[in-house]
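Please keep the sequence and the model in view while reading.

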Amino acid sequence: MTDLRNLVNLAEIEAAGRAALDPVYVDYIAGAARDEITARANETAFARLQLLPRMLRGSHKRELAVNLLGSSASMPIIVSPTAFHKLLHPDGELATARAVAAADTIMIVAMAATVAVDQVAAAARAATGGRASLWFQLYIQPDPELTEILVRRASAAGCEALVVTVDSPTLGVNERNRRNGFNDLPNGLACENLRDLRDGETGHVRQIVMSPEISWTHIEWLRGITTLPILLKGLLHPEDIRTAVRLGVDGLVLSNHGGRQLDTVPSTIELLPEVAAATAGRIPIVLDGGIRRGTDVVKALALGASAVGIGRPVLWGLACGGEAGVRRVLELLREEYDHALTLCGGAGIRDLTADLVRGTPR
């Protein structure tokens with residue numbers, strides 16, 4: 001049993017998570033598309049940025065909490081959608097939800113979760129005595145009826161926003177998975193949000209359809225069937241960002257899917273200043289990809305993000321310690337962010353401005 005108190009950073013949690021898992025599942029988590037250039041760049045780009053702190057600003061207390069589209073979080077660090085948590089721990093997304101709720105931040109429940117969203121929501125609320133902030137990740141399906149059922153289920157479960165992943169007109173190619181022959185879940189596990197989507201179905205689990213036909217028309221249609229805030233996850237080109245703002249999208253998750261879709265696209269921190277300029281502050285931006293230290297959080301917020309999302313670190317924590325492992329990940333990032341914010345002379349996000357960041361992520 002891993003003593004989580006002895007793990008003092010996310011790199012050590014990753015090492016412990018790797019040691020606890022079947023190598024096939026290690027490759028599933030760590031792997032990315034093709035040569036994995038983008039996945040590496042997401043992390044290394046942060047290291048090429050430097051912080052230039054301010055001094056003598058006289059604040060004895062930091063304000064870490066944020067509000068994103070009506071959802072409150074105790075820190076600007078939320079949990080990005082990742083699939084198949086039961087591959088890593090028997091409690092799967094239930095453990096993750098309990099840990100995230102205890103940390104009082106936002107969990108984006110994956111459409112490909114191995115626990116249904118209503119059960120995830122119940123676990124999160126039980127952990128806090130009733131309060132939890134959940135969003136739901138959605139792949140719009142070519143069959144509009146199925147998409148509408150998924151939206152209704154997420155809404156009924158109490159999800160406060162929809163995060164629509166738009167960078168997957170087809171599935172990215174992970175060569176590690178091909179080499180390992182990993183192309184399906186083991187017996188007993190399934191994408192539970194896709195179970196029994198039509199009346200009369202019993203025990204039937206559908207596959208997520210990645211469709212190149214999904215377009216802006218579908219986003220406009222989605223806006224017409226729900227009052228939940230809609231964030232788009234995976235837009236990278238500034239012209240697409242401007243289109244999203246013009247169509248009234250409520251927020252963005254600036255993400256390259258952890259490098260798992262199209263390889264050689266830029267790191268998200270590299271794109272952030274241009275994306276922030278394209279939104280002109282009109283909608284919030286959650287940066288996803290490569291966050292491994294509190295200093296990474298500070299850099300992203302200073303360059304225009306409203307919050308950051310973490311994916312792989314949560315999975316490594318789940319693998320090595322279940323709920324307690326995920327809690328340790330969130331505790332460490334909160335502590336590091338607070339520490340870096342203090343050393344930069346900041347009392348809150350408002351004090352993190354672009355002049356604190358030097359260098360280029362390229």
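Q: Which residues form one aromatic cluster?
A: The cluster consists of Tyr25, Tyr28, Phe84 and Phe182. The model is a predicted one, in which local features need pLDDT of at least 70, side-chain atom pairs count only at pLDDT 80 or more, and totals for chains, interfaces and linings use all residues. Residues are numbered from 1 along each chain as its sequence is written, and side-chain values use heavy atoms, with hydrogens and water left out.

Q: Why is the pair of Tyr25 and Phe182 called edge-to-face?
A: Rings of Phe, Tyr and Trp (its six-membered ring) pair if their centres lie within 6.5 Å; planes under 30 degrees apart are stacked, over 60 edge-to-face, and the rest tilted. The centres of Tyr25 and Phe182 are 5.8 Å apart and their planes stand at 70 degrees, so the pair is edge-to-face. It joins distant parts of the chain, with Tyr25 in helix H2 (residues 23-30) and Phe182 in the loop between H7 and H8, 157 residues apart. Helices here are DSSP runs of H or I with at least four residues, strands are runs of E with at least two, and both are numbered from the N terminus.

Q: Why is Tyr28 called buried?
A: Buried means under 20% relative accessible area, exposed over 50%, and partly exposed in between (1.4 Å probe, protein chains only). Tyr28 has a relative accessible area of 13%, and is therefore buried. Its place is in helix H2.

Q: Why is Arg260 called partly exposed?
A: The relative accessible area of Arg260 is 22%, so the residue is partly exposed. Arg260 lies in the loop between strand E9 (251-254) and helix H10 (268-279).

Q: What makes the charged end of Arg260 sit over the ring of Tyr28?
A: The term requires NZ of Lys or CZ of Arg within 6 Å of the ring centre and within 35 degrees of the ring normal. The charged end of Arg260 sits over the ring of Tyr28, 5.0 Å from its centre. The side chain of Arg260 also reaches the backbone oxygen of Tyr28 at 2.9 Å. UniProt, in an unreviewed entry, lists Tyr28, Tyr139, His257 and Arg260 under "binding site".

Q: What makes helix H11 (residues 294-302) mostly covered?
A: Eight of the nine residues of H11 are buried, among them Asp296, Val297 and Leu301. H11 is followed by Gly304, whose phi is positive, near 125 degrees.

Notes:
UniProt positions are given in the numbering used here, feature names are shortened, and annotations may be inferred rather than shown by experiment. A polar contact is a pair of N or O atoms within 3.5 Å; within protein, one must be able to donate a hydrogen and the other to accept it, and residues adjacent in sequence count only if both atoms are side-chain atoms.
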